[in-house]
Amino acid sequence: MPARNAPMTWPRRALGVAALLACGLAAAGPGADYVALPGGRFESVLPQGNVPSATVPVDIAPFALRKTPVTAGEFLAFVQANPQWQRERVPAVFADKRYLIDWRSGTQLADPGASSRPVTNVSWFAAKAYCDSEGARLPTWLEWEYAAAADEARRDARADPQWRRRILSWYERPNAALLPDVGGAPNAYGVRDLHGTVWEWVDDFNALFIAGDSRTQGDPDTLKFCGAGAINIVDRDSYAVLMRIALLSSLGAADTTSNLGFRCARPLEGTPP
Amino acid sequence: MTTSTLSRRAALGWLAALAGTPIAAAAATPPAELPGNSIYQLRPPLTDQDGRPFELGSLRGQPVLVSMFYSSCEMVCPMIFETIHQTVQALPAPDRDRVRVLMVSFDPARDSVAVLKQTAQAHRCDSRWTLARTDEASARKLAALLGVQYRRLASGEFNHSSTIELLDADGRIAARTGTLAAVDPALLKTLRQSLAARG
């Protein structure tokens, strides 16, 4: 009965794919809880057009997103089934020395309670391999940004200063000793923990480069780039999202950090990937 | 489609890839194990400008200049080709044949084998050069390893960073340059050292 649970405003096509998706989920087993997102017109903080200073809304295809970040327990099951991703075995080129460093061993979590917390200290390569194993992929930046624009009630809460402050207050908080378990309040799409627990890898993390200063446009610096040159941020008030972009842009694909996890996405059945 | 079948397939793929490595060099002395920080740990399905599939690891054994590009790029990409030509020319003549060049497209949708072939001819690429295409996901992975950034715009053009990496004989990144239209002395020096070390 998945269609009945979907918001009434969803287009018919999205309802259909949601139903298909739910059938797929039955076979995917536990731990792979995805929700269908309808997609549509979306205005990213990253310019999408040829003119770096102007925003062009983009069409985001319907897709499915994991409701929660991948947990340490789920990642443990993955490295048990795929020993080449255990920390003693993984080539340095795919994961740095801090990969899963908080675990007791290659196949033991830090403590039993860690199993429902988001996995962190994972590289982009490891996150991709995990999503592969789930028949999924990492979300693109646009998909992540689109999903994360929602609050509990609205699909796009970004214009609300109060909502912005709430998100920023998370960044201002000192790092908690332990990450909370996954399963925070769902947003309007039913996706949880997009804000407030961990940062998340996206598939195209190395495609988000930003010119630090708009004055570089037209400079010889732009020679480093083909096409439209470096990216400028369109909406400079979206600090919280900009911090994400800055963090992701600063990373290499083998890097790991103690507050960077991931979740997976996948196309809805019957739509192109 | 369950998680376990996918994992098994992934595991089989991995095993097959591992098994392939020693066979290739079984006749000669067994090669030393590939270093963990070698980009040849990645096994993207590559096809060259003549339509031949090949392994990234088949480049092992000599220094390789590598970069990523897309054929319809009119501004910076031709400069990458030119810069690599200049770098190779800066070597003593006998050394020029001991270097390989690998150019991988991040635009597989448009860079067919035929387009790669045209591009190779347009840029006077001789037998030292391999222009290659792979699938989109593999291009993204290779770019991540090389530190190359790219992003497709709505127009179909790309924003991308332009660097040239020098890989040592085992596929480790030995030098990198963002200098275009001129030979980077630091990269050239490392390349010379790399060749001298191999006698």
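Biologist: What should I know about the numbering and the model before we start?

Modeller: Residues count from 1 along each chain as its sequence is written, chains are lettered from A and ligands numbered from 1 in the order written, and side-chain values use heavy atoms, without hydrogens and water. The model is predicted, so local features need pLDDT of at least 70 and side-chain atom pairs count only at pLDDT 80 or more, while totals for chains, interfaces and linings use all residues.

Biologist: OK, disulfides. How many over all chains?

Modeller: The count is 2. The rule is a pair of cysteine sulfur atoms within 2.5 Å.

Biologist: Which cysteines pair in chain A?

Modeller: A:C131 and A:C264, with sulfur atoms 2.2 Å apart. The torsion about their S-S bond is about -85°, so this disulfide is left-handed.

Biologist: Where do the two cysteines sit in the chain?

Modeller: In distant parts, 133 residues apart. A:C131 is in helix 4 (residues 124-133), and A:C264 is in the loop between strand 6 (260-261) and strand 7. Helices (H or I, at least four residues) and strands (E, at least two) are DSSP runs, numbered from the N terminus.

Biologist: Is A:C131 buried or exposed?

Modeller: Buried, at 0% relative accessibility. A:C264 is also at 0% and counts as buried. Buried means under 20% relative accessible area, exposed over 50%, partly exposed in between (1.4 Å probe, protein chains only).

Biologist: And chain B, which cysteines form a disulfide there?

Modeller: B:C73 and B:C77, sulfur atoms 2.4 Å apart. Their S-S torsion is about 95°, so this one is right-handed. Both B:C73 and B:C77 are buried.

Biologist: What about B:C125?

Modeller: B:C125 is in no disulfide. The nearest cysteine sulfur belongs to B:C77, 13 Å away. B:C125 is buried, with a relative accessible area of 15%.

Biologist: New topic. What is the strand order in the open sheet of chain A?

Modeller: The order is 1-4-7, for 3 strands with antiparallel pairing. Two strands pair if DSSP finds at least two bridges between them.

Biologist: Which strands stand at the edges?

Modeller: Strand 1 (34-37) and strand 7 (265-267). Each has a single partner strand, so one side of each lacks a neighbour in the sheet.

Biologist: How many bridges join strand 1 to strand 4?

Modeller: There are 4, and strand 4 covers residues 63-66. The two strands run antiparallel.

Biologist: Which residue stands opposite A:Y34?

Modeller: A:R66, in strand 4.
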